[in-house]
Amino acid sequence: MQWGVAAVTDRQDSESYEKRLEAVRPRLLAFARLQLGDQHTAEDLVQDALLAAYESLDRFRGQAKFETWVFGILRHKLLDEIRSRKRLQPISLNQDDYPDIEHFFAANEMWERAEIPQPWHEPEQALEKDHFWQVFDICVFHLPTNTARVFTLRELLGMDTDEICDSLGISEQNCWVILHRARLKLRACLEKSWFLNEEAS
Amino acid sequence: MMSCRHSTELMSQKIDRPLTLKERLWLKGHLLMCFRCRRCDQQLDFIHQACQKRKEGGDAS
């Protein structure tokens, strides 16, 4: 899907941008709710981000993917909100919060045959596709909730592990364990759902 | 030296903190011998870079 550059002024295009913004709303909401754990604040924040996006459509020059751009606006609003709270709802971790990665490795700690990482074909090209990021987000939301929270704080909001530990009240060691498992799960999910799925690419 | 599991722990942690010299050498040694982990390492780096670019893409406009 290509979005024109100066075409934003065009009424028809403006309407299609509106539709596009509405289409991305559920994904933004899922993301905000994951971080804030509070439906109302999440809805307000997403509404705020969508309005900001709509008002600055003329600043969207098409050099970024449209969804990435809207996502970036939400990201800043989320970071402000999280930092203003100083401390997020602390999480207490039990076994269910840690994704299970036991099946990736055999008893001797080497890769299980069926789980050996496979070559990925032209991964860079995937980044250019909005659909890749949809699959990516689905894979993230398949992680246990607290794992998905830690992963998105780290990789999508760009916080350091010590800041994450402070706001969530967990040890840095815990953080590393969670991120390790999250990344292995995500790698396997992307491989299965995108890179080895020919229809998708 | 043969634990792929431990190797994936270190390749993940090197994204979040500087590894100690000992850890770096261990990981380097393992990756030299293990193409499966080399592949995994590249893919985890790719995922991290992809998230960075996604953030930058959002910031750029």
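## R154(A) and its partner

R154(A) is buried, with a relative accessible area of 8%; buried here means under 20% relative accessible area, exposed means over 50%, and partly exposed is anything in between (1.4 Å probe, protein chains only). R154(A) pairs up with D16(B) in a salt bridge, where the closest N and O atoms are 2.6 Å apart. To count as a salt bridge, a side-chain nitrogen of Lys or Arg has to sit within 4 Å of a carboxyl oxygen of Asp or Glu. R154(A) belongs to helix α6 (residues 145-156) of chain A and D16(B) to helix α1 of chain B, so this pair joins two chains. D16(B) counts as buried too, at 12% relative accessibility.

As background, side chains of opposite charge can pair when their charged atoms come close.

## What you're looking at

This is a predicted model, in which local features need pLDDT of at least 70 and side-chain atom pairs count only at pLDDT 80 or more, while totals for chains, interfaces and linings use all residues. Residues are numbered from 1 along each chain as its sequence is written, chains are lettered from A and ligands numbered from 1 in the order in which they are written, and side-chain values use heavy atoms, with hydrogens and water left out.

## Chain A

Chain A has eight helices and zero strands, so its elements read α-α-α-α-α-α-α-α from the N terminus on. Helices (H or I, at least four residues) and strands (E, at least two) are DSSP runs, numbered from the N terminus. Of the 201 residues in chain A, 49% count as buried. Take the contacts in chain A with a separation of 6 or more, and residues 24 or more positions apart account for 70% of them; a contact means heavy atoms within 4.5 Å.

Helix α3 (residues 66-84) of chain A has 19 residues and reaches 28 Å from its first C-alpha to its last, close to the 27 Å expected at 1.5 Å a residue. That expected span is 1.5 Å times one less than the number of residues in the helix. For α3(A), 14 of the 19 residues are buried, so the helix is largely enclosed by the rest of the structure.

## Where the chains meet

The contact between the chains draws on 30 residues from chain B and 45 residues from chain A. Together, chain B and chain A bury about 3500 Å², with 61% of it on carbon and sulfur atoms. Buried area is the accessible area (1.4 Å probe) that two parts lose on being put together, summed over both.

Over all chains, the count comes to 16 salt bridges, and five are found across the interface of chain B and chain A. One example is E124(A) with K53(B), whose closest N and O atoms are 3.1 Å apart. On the side of chain B that touches chain A, the elements giving two or more residues are α1 (4-16) and α3 (35-60) of chain B. Of these, α3(B) gives the most, with 18 residues.

## R5(B) on helix α1

R5(B) sits in helix α1 of chain B and is buried, with a relative accessible area of 14%. Its side chain makes a polar contact with the side chain of E102(A) (3.2 Å). Leaving aside neighbours within four places in sequence, R5(B) is in contact with I101(A), E102(A), F105(A), E109(A), H180(A) and R181(A).

Within chain B, R5(B) forms a salt bridge with E9(B), the closest N and O atoms being 3.9 Å apart. R5(B) and E9(B) are four residues apart in helix α1 of chain B, which means about one helical turn separates them. E9(B) is partly exposed, at a relative accessible area of 26%.

Most residues other than glycine have a negative phi. E109(A) has a positive phi of about 70° although it is not a glycine, and E122(A) has one of about 40°. E109(A) is found in the loop between α3 and α4 (123-126) of chain A, and E122(A) is found in the loop between α3 and α4 of chain A. E109(A) is partly exposed at 34% relative accessible area, and E122(A) is partly exposed at 42%.

Note on methods: A polar contact is a pair of N or O atoms within 3.5 Å; within protein, one must be able to donate a hydrogen and the other to accept it, and residues adjacent in sequence count only if both atoms are side-chain atoms.
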